[in-house]
Amino acid sequence: LLRHLAQKHRVLLGTFVDDPQDEQHVSAVQNLCADLHVARLRPAQARWRALGSLWRREPATVACYRDAGMARWVRGIAERRAADVVLVHSSAMLQYAQQLPETPLVVDFNDVDSAKWDDYASRRQWPMNQVYRREGRRLLDTERRGAARARWSLFATEREAQLFRTLAPESAARVAVLGNGVDAAHFSPQAGAASPYPAGEQALVFVGTMNYWPNVDAVVWFARDVLPALRQRWPAARLTIVGRTPSAAVRALQGEAVRVVGTVPDTRPWLQHAAVVVAPMRVARGIQNKVLEAMAMARPVVASAECADAIDAVAGQHLRVCTSAEQFVQHIHALLEDPALAQSTGAAGRARVCAAYGWPDRMRWLDGFLAQAALGPAA
């Protein structure tokens, strides 16, 4: 997205870094920007700000991303009248667009984040279910105010867009789908790439940020409800969890049946040499990029219906879709038992994402939204 914008526009980027390992990429981002402001998000301070929001009428999500330096940087842009269009990514960053009230606004919500908190609430006990339900209400207020001002509000799928039209009917006419994509040239099988797995292992892999609750819930559930039954048939089957910042609950899974890797420099070898890629999220909004990337790597994917429903693919042909632990066991068993089936499923999945999720088409749509916004703010 940033590379595309930099080809046609003078880009001023304000962003957060919440992981010291991401600092190595700042210089590459700087090369694409006329101006760059990077705010360091310290998790402990963000948690305190989120806790303080409970006593104020604001979402914790907004409080987490409040930063005085970022606010000053945006005010400077406003004073210089340096921006023709503001492109905001995610509801947490809408607070900074308020400082540019005269500049046309496009919001890339990606997902309806407020609905995500409602999903969390439905799966938690008191008192956290009440905390999450409150966050959903407060964040929806923020989303609606942002959408009311925006020329366009963009979402990753039609399902998310339609949900937001229902929740914010006053902005429904300015809600559209941008969609996610996958770099199929980067995420493609590499001849001669060494396998990170021991010889003889039936490698199942999950890739994701591992302090993100839906991902944590997914692997804990899979290790508890799917893996034991699967290993009765396939003793060499082992789940490998790849992704930064594994939580305590994830680290506790480490053992004979589960390997917790943490951060890796490149996820592609872990995907390419997996027997099966699993995506067992029980809470999932929008398109799961992890699924698109695994399909692009031509590996068979077994996913929950919550993940698969947002993907333009045919269940049973491009990936396997499950609604229960028993179905996960059955589908993975079938793929392990028949390598030719696994190979053909992976090849069909790659062909599908190459055809349906190329970035150039997505970027043409974005160009159109930005050009319309530049004509002036929404009526």
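## A tour of rings, sheet and loops

By the ring rule used here, the count comes to 13 aromatic pairs, where rings of Phe, Tyr and Trp (its six-membered ring) pair if their centres lie within 6.5 Å, and planes under 30 degrees apart count as stacked, over 60 as edge-to-face and the rest as tilted. What you have open is a predicted model, in which local features need pLDDT of at least 70 and side-chain atom pairs count only at pLDDT 80 or more, while totals for chains, interfaces and linings use all residues. Residues are numbered from 1 along each chain as its sequence is written, and side-chain values use heavy atoms, with hydrogens and water left out.

**Stop 1: the rings**

Select Trp117 and Tyr120, which form an edge-to-face pair with 5.1 Å from centre to centre and 75° between the planes. Because they are 3 residues apart in helix H7, about one helical turn separates Trp117 from Tyr120; helices (H or I, at least four residues) and strands (E, at least two) are DSSP runs, numbered from the N terminus. Trp117 counts as buried at 17% relative accessibility, and Tyr120 is buried with a relative accessible area of 5%, where buried means under 20% relative accessible area, exposed over 50%, and partly exposed in between (1.4 Å probe, protein chains only).

**Stop 2: the open sheet**

Next, colour the strands E3, E4, E5 and E6, which make an open sheet of 4 strands in the order E3-E4-E5-E6, with parallel pairing. Its edge strands are E3 (86-89) and E6 (175-177), each of which pairs on one side only, and the twist averages 25° from one strand to the next. Two strands pair if DSSP finds at least two bridges between them, and strand E5 (residues 152-155) is joined to E6 by 3 bridges, the two running parallel. Which residue in E6 is the bridge partner of Ser153? Select Val175 to find that partner.

Helix H8 (residues 128-149) packs on the sheet, where it touches strand E4 (105-110) and E5, and its direction makes about 140° with that of E4. Contact here means heavy atoms within 4.5 Å, and axes are lines fitted to C-alpha atoms, for helices over the stretch in contact, with angles from 0 to 180 degrees between N-to-C directions. Show helix H18 (residues 359-374) too, which lies across E4, E5 and E6 and runs at about 165° to E5.

**Stop 3: the loops**

Most residues other than glycine have a negative phi, and most peptide bonds are trans. Go to the loop between helix H7 (113-122) and H8, where Pro127 is found; a cis peptide bond with omega of about 10° joins Trp126 and Pro127.

Then select Arg81, in the loop between helix H5 (68-80) and E3, where phi is near 50°, a positive value in a residue other than glycine. Finish at Ala298, in the loop between helix H14 (289-296) and strand E11 (301-304); Ala298 has a positive phi of about 65° although it is not a glycine. Are these residues buried or exposed? Arg81 is exposed, with a relative accessible area of 70%, whereas Ala298 is buried, at 15%.
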